Amino acid sequence: MSTQNTENFSFKKYAWNQFKKDKIALVCLYLLFSLVVLAVLAPYIANERPLYADYKGYKLYPAFASESRTDSIFKSDGKLDEILQYDITDWRTLDFNKVVWAPIPYSPSTMDRYNRDYVSPSGKQRFKNKNGEITDAPSKFRHKLGTDGIGRDLAAGLIHGTRISLMVGLVSMGIASLIGIFLGALAGFFGDNKLKMPRIKYYFTLIGLFFGLFYGFGHRKYALADGFSNSIMSGMIELMLSILVLVLAIVLFRFLSKLIKVDKLQEETFVPIDTFVSRGIELLNSIPRLLLIITITAVVERSIWIVMIIIGITGWTGIARFTRAELLRIRSLEFVQAAESLGYSAKRTIFKHALPNALAPVFISIAFGIASAILIESGLSFLGIGVPDDIVTWGSLLNLGRQNLEAWWLIIYPGMAIFITITIYNMIAEASRDALDPRLKS
Amino acid sequence: MHPKKIKAELRKKLGLDLPIFYFSVSNLSTSDTLYRIQDKYHKATLEHLTHKSGNWSKVSDYYKELLSLQKVHMKLNSKDIFESQTELELNTINEAVNQVGFEINNLLETSEGELIDLSFSKIDDKLSNYSFLSSLNSSFENVKKYKNEINISEDKWRTYVPKINWYGSKNQYHLWLFGNGKDRKGLLRGDFGISYIDSQPISTKIWQKIGISFSLSLISILLAYLISIPIGIYSAHKKDSAVDKGFSLVLFILYSMPSFFVGTLLLLQFANPDNLAWFPVSGIQDPTLFDPEWSFWTKIKHRMPFLILPIITYTYGSFAFLSRIMRVGMIDVVSQDYIRTARAKGLGEKKVILKHALRNSLLPIITVFAAIFPMAIGGSIIIEVIFSIPGMGVEVYNSILNYDYPMIITVFTISGFLTMLGYLVADILYAVVDPRISYK
């Protein structure tokens, strides 16, 4: 530090400067941004409905409208001409005055019945034109990366698969980080002999936990199941309610414990929180993760959200271990001791002072975790479990290719998509490790 | 025999008629004997109804009455009715009887108030239209009465009071762990139970399959070590040279390649008549040629072409990973003082690297060694599925898809145990490699 200009020195700036030196990583970062853009704009990049269409004098924006929309088209004399049902209209056969198609004029799950049975990217592709004749596909409507057995466009599938992959990485690692950082911070900061509370409070917390689980999850299990079967949103709301009940029960019992004034029970006792967390990590680590995930996904309902949640709740151990190790180191540093001697509460010390300084190595583990979450999801889809059949993912496309080795495009392109995404995340993780933690530089 | 009886006997044999654990937590309204009910849909219905009303005894009455209604219904015989009735056609009678039976089944499997009412009204309709169903009348009235009692029951508060049921040692977990002294010996004495699918002992099934998975993972790990240690040493030795940079990039790319992609690519390229049909596509032997009487070497020779692609797929991932660790470890060691001392006292570069540095740089990659044991039992599911290798991976995968819980639990138990064993082996190896580490 002494050699550097200490006045304007910020770790973030330093790390960013270090990161920028790695040109490959910088390219990867830009690639990641473009993947995100691709994922966000997926419905407008690959869509069978045109972006803009001038149809019989009506200006339509079909790709931006909801799928269930219907438009009534009237003739100039005011009589009803036809009704456009957005989800079933074959837009390609309509006679537009002017039309702007999406770059890939196919949706991922619509089957093109003229190009079934694995049409190769370079092979002959058929197309039904406006007059109802079957012709060679014009270059705009060619399946540029080929189709699968039931005529779904591969390029559209890949573009929409980007969404799923990025979301899997983000959501599952979001869940894993929340659990991992929270538990790791508690374990690392308090250890086995720092968290003291009156014995009665300790016992009452456990009782509160029991009642919280009973009322929050045991008693509300039908409400939770109904919520999740309705929609993922209502399920999440029910889940939040359950967690609220859990927290309330614990708080209530901790409060009740103050009312019992028996000296013997008011003695301070240590809460071995580190033991709890560390043994929990070991327990989860001793089970092969992929096996566990496959088992759970086989039992529960098939849904992409559930896959993300499962990957998240089985993937927090690495993050927790890093956080724990980092906090073990940090808690003996001067600034934490200063915070403690100033009388700050444990909560404030951990979350405002200790944790922000511990997050750099954790961030690296999260970045690697995203890569492995994407890998696991595509592995599951590749095996044909977990994600419902109607959702097109990179893994499920690759699986189709495995079943028909002649369709090389179904192997190369999705495989490359998975590979490139994972490489990007790994590169970024590696480079940020070098930037954030020079000791680990390889 | 009646299928229900067969099922009941099977449940008894497998111990499924017992409660799951020593105790269970439920609320005051539920029955502690619910686990005895065979049909899982009925069980779910009863549980939910009890949860709604808070009164188990009334739900139980309702359920019993429904069962007796079903029994009476089963005694109905369309032919007999047809013979005693002249004005109706056999088809009409059949349809009415079947529909009532269908609704009764629905009632047994639903706890939704609206659906129950719907079924009630449909049965009512049939009963009032067809006089030959009159034998069901009294029982059905009872069912409706009980349902009504459930609806007006005001015992909802009971569901808010937790209750702990104690079952003692007669439970599935105890049976699984300790056996029952008769046909089941229990896990502690090496009995993993029997498979739900084919009633074979789990241990037999595992022994049949584990050989191939274990050999594959062992061969691939050894290969990976054999290749990656020299590569790691070389690139650390020539750090920042063009070769090192090239190696690093290639290893990084290999490391990011998903194994299922690599496996499929290999199949596409080398086991595909369109490209190169060098290797067979799936399996580990040709069933038309293979002869179990063959000597060990002949078998290996025969299986070799089948195993090359899987071994490559198995190996490359760990190889890339190990080389990277090895390189980092080596660089770390080479920059230390004692290596400089060794060089300073005039030792040859070869001796410095191979004798002084290598041993210490082995530490990090030992950790990885611990992983092969659990890998053998779990198999690499994806690789075995791609190449259709009849090993543990495919076995476990199939048992998961078929809900063969004894198999799944056994695999989890053993791999948990083996993970611990792997940690232990790694710890011992640490001590062997580094004399400073001791576990006294």
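Author: Two residues are in contact if their C-beta atoms, placed from the backbone, lie within 7 Å. The model is predicted: local features need pLDDT of at least 70, side-chain atom pairs count only at pLDDT 80 or more, and totals for chains, interfaces and linings use all residues. Residues are numbered from 1 along each chain as its sequence is written, while chains are lettered from A and ligands numbered from 1 in the order in which they are written.

Reader: How many residues does the contact take from chain A, and how many from chain B?

Author: Both chains contribute to the contact. Chain A gives 31 residues and chain B gives 35 residues.

Reader: Which element gives the most to the side of chain A that touches chain B?

Author: Helices (DSSP runs of H or I, at least four residues) and strands (E, at least two) are numbered from the N terminus. Two or more residues each come from α5 (199-218), α10 (289-299), α15 (359-383), α16 (394-403) and α17 (409-436) of chain A. With seven residues, the element that gives the most is α17(A).

Reader: What does that side of chain A hold by class?

Author: Ala, Val, Leu, Ile, Met, Phe, Trp, Tyr, Cys and Pro count as nonpolar, Asp, Glu, Lys and Arg as charged, and the others, Gly among them, as polar. The side of chain A that touches chain B has 18 nonpolar, 11 polar and two charged residues.

Reader: How do α16(A) and α17(A) lie to each other?

Author: Their axes (lines fitted to C-alpha atoms over the stretch in contact) are 8 Å apart, at an angle of about 150°. Angles under 35 degrees count as roughly parallel, over 145 as roughly antiparallel, 65 to 115 as roughly perpendicular and the rest as oblique. The two helices are therefore roughly antiparallel.

Reader: How do the residues of the contact of α16(A) with α17(A) divide?

Author: From α16(A) come W394(A), L397(A), L398(A), L400(A) and G401(A), which meet L410(A), I411(A), P414(A), G415(A), A417(A) and I418(A) in α17(A). By class they are nine nonpolar, two polar and no charged.

Reader: Which residues meet where α9(B) packs with α18(B), and how do they divide?

Author: The axes of α9 (residues 202-237) and α18 (residues 392-401) of chain B come within 8 Å and cross at roughly 135°, which makes α9(B) oblique to α18(B). K205(B), K209(B), I210(B) and S213(B) in α9(B) meet M392(B), G393(B) and E395(B) in α18(B). These divide into two nonpolar, two polar and three charged.

Reader: Is Y403(B) buried, partly exposed or exposed?

Author: Y403(B) lies in the loop between α18 and α19 of chain B and has a positive phi of about 55° although it is not a glycine. A residue is buried if 20 or more other C-beta atoms lie within 10 Å of its own, exposed if 12 or fewer, and partly exposed in between. With 13 such neighbours, Y403(B) counts as partly exposed.

Reader: How many of the eight residues of α13(B) are buried?

Author: Helix α13 (residues 337-344) of chain B is hardly covered. Just after α13(B), G346(B) takes a positive phi of about 95°. The count of buried residues in α13(B) is zero.

Technical notes. Axes fitted to C-alpha atoms, helices over the stretch in contact; angles between N-to-C directions.
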